Structure formats: C-alpha cells, structure tokens
Amino acid sequence: MNYRKLGRTGLKVSEISLGSWLTYGNTTEKQTAIQTIDKAYELGINFFDTANVYARGEAELVVGEALRKYSRESYVLATKVFWPMGDGPNDRGLSRKHVFEQAHASLKRLGVDYIDIYYCHRFDPETPIDETLRTIEDLVRQGKVLYVGVSEWTAAQIAQALHVSDRYLLDRIVVNQPVYNMFNRYIEKEIIPLGEKEGISQVVFSPLAQGVLTGKYKRGAQLPEGSRATDPKTNMHISKYLTDDMLLKAEQLQLIANEMDITLSQLALAWILRQPNVASALIGASRPSQVEENVKAIEVQLPAEILEKIEEILGAN
Ligand code: NDP
C-alpha cells in the first residue's frame, strides 16, 4: 500500500480507503462485511469511512466491531454528521446540539474513544458555520475528534468556513469528501484548486461510479446477480450511472484496460490517483475479492498517451 498525507496535516492515509454506505449493516451480511474489512486491513488499507446515518447507525456498529481487534493506532476512522437520525426538529443538521449528541452516539456505536476525522456530511444553511466549527473544536479539545472534514460543500462554503476558522483561531478543515469518478469531474474546476491552495485533501467517494466502472454492467445485458443494481434497497442510487452513454464509455474504457492487462476498476482508480490533491480513493466493497482486485490499482502508472485516450473517450458525447 502507498500512503499520502492528508492535506496540511501530518496524518497519513492509504491511497485506497474502504467505506460502508449501502453495504455494511445493510445489504452485505455481517460476516462477509467483517471479512471484507479484514481483507482491506491485511492489504494495508488504514483508512475506514462510515457515517451515523448509514443504515441508521448499523454500519458504524459493524465497522466498529470489525476494527476492534486491531490496535487503535493502526487505523484512521472517519464518520459523519448532518442527515436526519430521527423525526424531531433537532435530529438533523449541524447545530451544536445535534453535532454534540451525534458525536457521542457515533463513539458509542463504534466502540472507540475518539474519531480521527469528523465530517460535516453536507452544508447546513440553517446553522451559522461558527457554531458548528466551535462545537467540533470543543470535541477536539475534549480528545473526542482529531481532524475536521466536510463532504460535498461548495468551494464558496469551504472558503467561508476557512475564513471563520482563521478569524476565531479554530481548527481548519483539512479534508473534503466529494464524489469523483470518470463520469463526474465537477471538483476539477474549483474544489481541487482550492484544496491545493489551502492544504485540503480530497477523499473521493464513488470512484467506481458505484460499480459501473468495474465493467460488470453491459448495455442490453441482464443486470449482474447480487449487484447494487438488483437489490431493491439500493438500485435507485446506482440508476444515474446506468445510462446508455455511460455504459458505452465503460465498454470503451474496458478496451484500454485490456490493452494494459489490468481490470477496468484498476484503470478507474489509477486515473483518480493521478491527482495529487486526492489523498485517497474511497471505495465500497461487498466482498473481499473486490478489495483484492481494487487495491492493485496503486501499482498502475498511466502514461500520457493512455491519459489522452481516456480523455478522448470521456470527452466524446
Ligand atoms: P464505489 O464507486 O467504489 O462502488 C462500490 C460498489 O461497487 C461496491 O459496493 C460493489 O457493489 C461494486 N464493486 C466495487 N469493486 C468491485 C469490483 N472489483 N468488481 C465488481 N464490483 C465491484 O463506491 P460507493 O459508491 O460505494 O462509495 C464508497 C464509499 O464512499 C461509501 O461506502 C461511503 O463510505 C462513501 N460515500 C460517501 C458519500 C458522501 O455523501 N460523503 C456518498 C456516497 C458514498 P456490488 O457488489 O453490490 O455491486
């Protein structure tokens, strides 16, 4: 495994990290989930991602149970707060009350004394940024959180937060978690340049477009058995990537992967890791073999002519 520094911090995270959305505590059986996390750990992945809202706390329980047997120093654990955890008016968002309560609930479910990275899962227009940043600062001072992150905030929102933290000498955002894959490159325009300037890394989710960039979905063919697309609990999330245009591009990209004697998932992940501002490609995996295949992406170098060919395919409509 290779490790990259997270933003301006001294923390090092594995280039491939493992998440738990839609899988652990949900569609993936607990034993398989634990075996998948174990496989990731064995292969050098030291960075695990979850959120309070994933399967309403169930994902945190599984991730916490899987990691408990390893020394706390040996892994970096991230979780998040924002999305509703109940029906009450204060069961959501980034208010002092909700962030404080959810941080403690996450610590309990995960069974750890501290969270390495605590993400604001979305921007909350109803709470002043300083209220949220001060609450996380308090959690940092109490030793319950180490680093502050945000997820899917715009460049303007991140810049505003940096202004507030610099003004009040609060801990700065050091990591952002946006979507980034061959089909969704919006962060290249403003988010990556801002990250480079301010020492904020990107830890990017859905790097495989939820499985479409593994090549297993084919135009005109039946959906693969046991995949995210066939499970009624998850298929609505992947549907945005199952368009004819994206499936055609995946087929064309597959030919490049074949030429290089690698898999499409390895090509897609190596392409992401070409960006120095990306600290880690945050994959999902429903079984150990997927992790085994995907981590090999760290060995893949993409020469300029391959990058050009990829660009031609992605650029064509
Ligand atoms: P991916 O794009 O990596 O998709 C993962 C899914 O693709 C797997 O669950 C599996 O699905 C399939 N897959 C992965 N590898 C292979 C392989 N080698 N061969 C065949 N199929 C494969 O990422 P996700 O969309 O799952 O997101 C990753 C993580 O990012 C999440 O777990 C979560 O932690 C985080 N996330 C954060 C968000 C945010 O708002 N901050 C939003 C979304 C995700 P299957 O086998 O079921 O078909």
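This is a predicted model: local features need pLDDT of at least 70, side-chain atom pairs count only at pLDDT 80 or more; totals for chains, interfaces and linings use all residues.

Me: Thanks. Which residues of H4 are buried?

Reply: They are Ile129, Thr132, Leu133, Thr135, Ile136 and Leu139. They cover an arc of only 155° around the axis, so they sit on the same side of H4. The arc is that of the directions from the helix axis to the C-beta atoms. Buried means that 20 or more other C-beta atoms lie within 10 Å of the residue's own; with 12 or fewer a residue is exposed, and in between it is partly exposed, with C-beta atoms placed from the backbone.

Me: How far apart are the end C-alpha atoms of H4?

Reply: They are 18 Å apart, which agrees with the 18 Å that the 13 residues of helix H4 (residues 129-141) should span at 1.5 Å a residue. The expected span is 1.5 Å times one less than the number of residues. Just after H4 comes Gly143, with a positive phi of about 80°.

Me: Now H8. Which of its residues are buried?

Reply: In H8 the buried ones are Lys249, Ala250, Leu253 and Ala257. Their arc around the axis is only 105°, which puts them on the same side of H8. On the other side of H8, you'll find Asp244, Leu255 and Glu259 exposed.

Me: And what do the buried ones of H8 pack against?

Reply: Helix H9 (264-273) and helix H11 (304-315). For contacts, the rule is that the C-beta atoms of two residues, placed from the backbone, lie within 7 Å.

Me: What about the span of H8?

Reply: Helix H8 (residues 244-260) has 17 residues, so at 1.5 Å a residue it should span 24 Å; its end C-alpha atoms are 25 Å apart, which agrees.

Me: Changing topic: at what angle do H1 and H2 pack?

Reply: Helix H1 (residues 30-42) and helix H2 (residues 58-67) pack at about 50°, and their axes are 9 Å apart. Axes are lines fitted to C-alpha atoms, for helices over the stretch in contact, and angles run from 0 to 180 degrees between N-to-C directions. H1 and H2 are therefore oblique to each other. Under 35 degrees counts as roughly parallel, over 145 as roughly antiparallel, 65 to 115 as roughly perpendicular and the rest as oblique.

Me: Is the crossing of H1 and H2 left-handed or right-handed?

Reply: The crossing of H1 and H2 is right-handed. The contact involves Lys30, Ala33, Ile34, Ile37 and Asp38 of H1, and Val62, Val63, Glu65, Ala66 and Leu67 of H2. As for the term, a crossing is left-handed if the near helix is turned anticlockwise from the far one by less than a right angle, and right-handed if clockwise.

Me: How do H1 and H10 pack?

Reply: H1 and helix H10 (residues 288-295) have an angle of about 25° between them, with axes 8 Å apart. They are therefore roughly parallel to each other, and their crossing is right-handed. Gln35, Thr36, Lys39 and Ala40 in H1 meet Pro288, Val291 and Glu292 in H10.

Me: And H5 with H6, what angle is there?

Reply: About 20° for H5 and helix H6 (residues 191-198), with their axes 10 Å apart. That makes H5 roughly parallel to H6. The crossing of H5 and H6 is left-handed. Ala155, Ile158, Ala159 and Leu162 of H5 make the contact with Ile191, Leu194 and Glu198 of H6.

Me: Last one, on the loops. Where is Arg56?

Reply: Arg56 is in the loop between strand E4 (47-49) and H2. Its phi is near 45°, a positive value in a residue other than glycine. Arg56 counts as partly exposed because it has 14 C-beta neighbours inside 10 Å.

Definitions and conventions
Residues are numbered from 1 along each chain as its sequence is written. Helices (H or I, at least four residues) and strands (E, at least two) are DSSP runs, numbered from the N terminus.
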